[in-house]
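This briefing reviews selected features of a two-chain model for computational work. The coordinates are displayed first, and the notes that follow are grouped by topic.

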Amino acid sequence: MSLHKDEAFVLFKRAYGESDKIIRLFTRTSGKIAAIAKGASKSQKRFMNTLEPFNYIRIEYFEKSGKGMARLENADIIETNSGIEASLQKACTASFFTEFVDRLTKEKEPHEPLFLALKEVLFAVKRHMFSYADILYYQFLMLDMLGYMPNFDSCVYCASTIPNEKKVLFSKERGGILCVNCARFIPHTVCGEGVIPGLMSIINQEKQFANIIFERQAQDIMEGFMSFHLDVEFRSYRLLKSFIL
Amino acid sequence: MFYPEPIERLIENLTRLPGIGRKTATRLAFFLLNTKDSYITELSRSLTDVKEKIRLCSVCFNITDSDPCAICRDERRDKSVVCVVEESSHMMVIESSNPGHLRYHVLHGVINPLEGIGPDEIRIKELQDRIVREGIREVIVATNPNIEGNTTAHYIGEILKHLDVTITRIASGIPVGGDIVYIDPLTIKSSMDNRKNL
């Protein structure tokens, strides 16, 4: 059993027994870990206030080599979640991205770029209210890091360049846009004018949206794509959706 | 181990209780087996009564065996103030501090997007209706001072701000009898923010 020191974000907490807590953390150097914090519900010293979701903390934990849950020994706050609770929309946004990382990563698979992306999102949520474009931007950023990025550059099947047309064909199953020839035998949806260029501009950080109709179409594309490829239903998304559109 | 079927069934049912493993369940089963019949009858009656007689108060949503509950029926309590709590057990704790005049509203949960729990899953709409119906003048939000409790408190503040009602939040800070040396920075900050005149 060895002592590890790391930085982490609290992804999830749950009371366990009379006074313990089970938490999931996304650490900078070891990826996601599950840990038990003994006496965390009662302790006034070691864990008070630290094991709240979205907190950025410094941790010390013991871990048996190979298997089992880590045992959290100490936790200190680096940056609190203070500010996220100020609005339900902020809480939903922070929850969505935290859940995103929690559900799409495996335990003990280090991913520092994703850790830094989560840090950027949670700090940004505290500072300002996210628009749908902001949410999409960070969603694409994380999808890219996790290897799920949809292809908007060329035909996802034959790799041919697609001419600048009014309507673009998108296949959620193939995970990208299609040329007219490939679309004849691959199921697809027809995206309205400007939707795919709009999504591209978000990926390139231009973050501009034309109107609500455009946002709805972009949302339909992303929901279809994510539900097919990730096979995960995000609990926080239903609530977040009620704010963003 | 092979116990007779009724004992095995009892052990299985006891194992379903929170915090009870098979070993403890077996110990409890043998205690029940060897205890007096009168105790078994009383125990089984109280279990049935809990399910049959306990319901939610139609006014404050506290657990009760009579509707409205004893607190809502109490005419001595101030009808213009309502204290909002997460669970009935929290209400009991506040009541044990003998605040005297309070009436309550039990939310039965807090907003927790990570668990998919939004405002519609708890009794916030009922609180809004009650404030208008009963002419409540002050709402004390006594949810836990954690991320879920604070989010719920802010949300309640937000949806009630158009009503003519004072919304207050319970203070958080250094506990009575505590020592500043051992208090974490966040609690100290909260104590400073919520300081009061002497």
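This is a predicted model: local features need pLDDT of at least 70, side-chain atom pairs count only at pLDDT 80 or more; totals for chains, interfaces and linings use all residues.

With three residues, α7(B) gives the most to the lining of the largest cavity.

**The cavity**

- The count of cavities of 30 Å³ or more comes to one, and the volume of the largest cavity is about 70 Å³.
- Two elements give two or more residues each to the lining of the largest cavity, namely α1 of chain A and α7 of chain B.
- From chain A, the lining includes Pro53(A), Phe54(A), Ala91(A) and Ser95(A).
- From chain B, the lining includes Ile111(B), Asn112(B), Pro113(B), Leu114(B), Ile147(B), Glu148(B) and Thr151(B).
- Sorted by class, seven of these lining residues are nonpolar, three are polar and one is charged.

**Helix α7 of chain B**

- Helix α7(B) covers residues 147–160, which is 14 residues.
- From first C-alpha to last, α7(B) reaches 20 Å, close to the 20 Å expected at 1.5 Å a residue.
- Because ten of its 14 residues are buried, α7(B) is largely enclosed by the rest of the structure.
- The buried residues of α7(B) are Ile147(B), Glu148(B), Gly149(B), Thr151(B), Thr152(B), Ala153(B), Ile156(B), Gly157(B), Ile159(B) and Leu160(B); Ile147(B), Glu148(B) and Thr151(B) also line the largest cavity.
- In chain A, the packing partners of these buried residues are β1 (2–16) and α1 (88–104).
- In chain B, they pack against β3 (81–85), α6 (124–134), β5 (138–141) and β6 (166–169).

**The second largest pocket**

- The second largest pocket has a volume of about 370 Å³.
- At least two lining residues come from each of α1 (5–15), α2 (22–34) and α3 (37–53) of chain B, and α3(B) gives the most, with five.
- The lining consists of Leu10(B), Asn13(B), Leu14(B), Leu17(B), Leu28(B), Phe31(B), Leu32(B), Tyr39(B), Ile40(B), Leu43(B), Ser44(B) and Leu47(B).
- Ten of the lining residues are nonpolar and two are polar, while no charged residue is present.

**Chain B as a whole**

- Chain B contains eight helices and six strands, arranged from the N terminus as α-α-α-β-β-α-β-α-β-α-β-α-β-α.
- The radius of gyration of chain B is 22 Å, whereas a compact globule of 198 residues would have one near 16 Å.
- Along the principal axes, the C-alpha atoms of chain B fill a box of roughly 65 × 45 × 35 Å.
- Of the 198 residues in chain B, 35% are buried.
- Among contacts in chain B with a separation of 6 or more, 47% are between residues 24 or more positions apart.

**Chain A as a whole**

- Chain A has seven helices and eight strands, and its C-alpha trace spans about 65 × 40 × 25 Å along the principal axes.
- Buried residues amount to 51% of the 245 residues of chain A.
- For chain A, residues 24 or more positions apart account for 60% of the contacts with a separation of 6 or more.
- In helix α5 (195–203) of chain A, the buried residues are Val195(A), Ile196(A), Gly198(A), Leu199(A), Ser201(A) and Ile202(A).

**Local backbone features and a buried loop**

- Most residues other than glycine have a negative phi, and most peptide bonds are trans.
- Phe54(A), although not a glycine, has a positive phi of about 75 degrees; this residue is placed in the loop between β3 (31–37) and β4 (56–63) of chain A.
- With a relative accessible area of 4%, under the 20% cut-off, Phe54(A) is buried.
- Gln205(A), which follows α5(A), has a positive phi near 70 degrees.
- Phe61(B) has a positive phi of about 70 degrees and counts as buried at 12% relative accessibility.
- The loop between β1 and β2 of chain B holds Phe61(B) and also Asn62(B).
- Asn62(B) is buried, with a relative accessible area of 4%.
- Leaving aside residues up to four places away in sequence, Asn62(B) touches Arg55(B), Leu56(B), Cys57(B), Cys69(B), Ser88(B), Met91(B), Met92(B) and Val106(B).
- The peptide bond from Asp67(B) to Pro68(B) is cis, with omega near 0 degrees, and Pro68(B) is found in the loop between β2 and α4 (70–73) of chain B.

Technical notes. Residues are numbered from 1 along each chain as its sequence is written. Chains are lettered from A and ligands numbered from 1 in the order in which they are written. Side-chain values use heavy atoms; hydrogens and water are left out. Helices (H or I, at least four residues) and strands (E, at least two) are DSSP runs, numbered from the N terminus. The expected span of a helix is 1.5 Å times one less than its number of residues. Buried means under 20% relative accessible area, exposed over 50%, partly exposed in between (1.4 Å probe, protein chains only). Contact means heavy atoms within 4.5 Å. On a 1 Å grid over the protein atoms alone, a cavity is a set of points where a 1.4 Å probe fits but cannot get out, and a pocket is an open set with protein on both sides within 12 Å along at least five of seven lines; lining residues have an atom within 4 Å of a point. Grid points are joined across faces, edges and corners, and a volume is the space filled by probe spheres set on the points. Ala, Val, Leu, Ile, Met, Phe, Trp, Tyr, Cys and Pro count as nonpolar, Asp, Glu, Lys and Arg as charged, and the others, Gly among them, as polar. The radius of gyration is taken over C-alpha atoms; the globule rule is 2.2 Å times the number of residues to the power 0.38.
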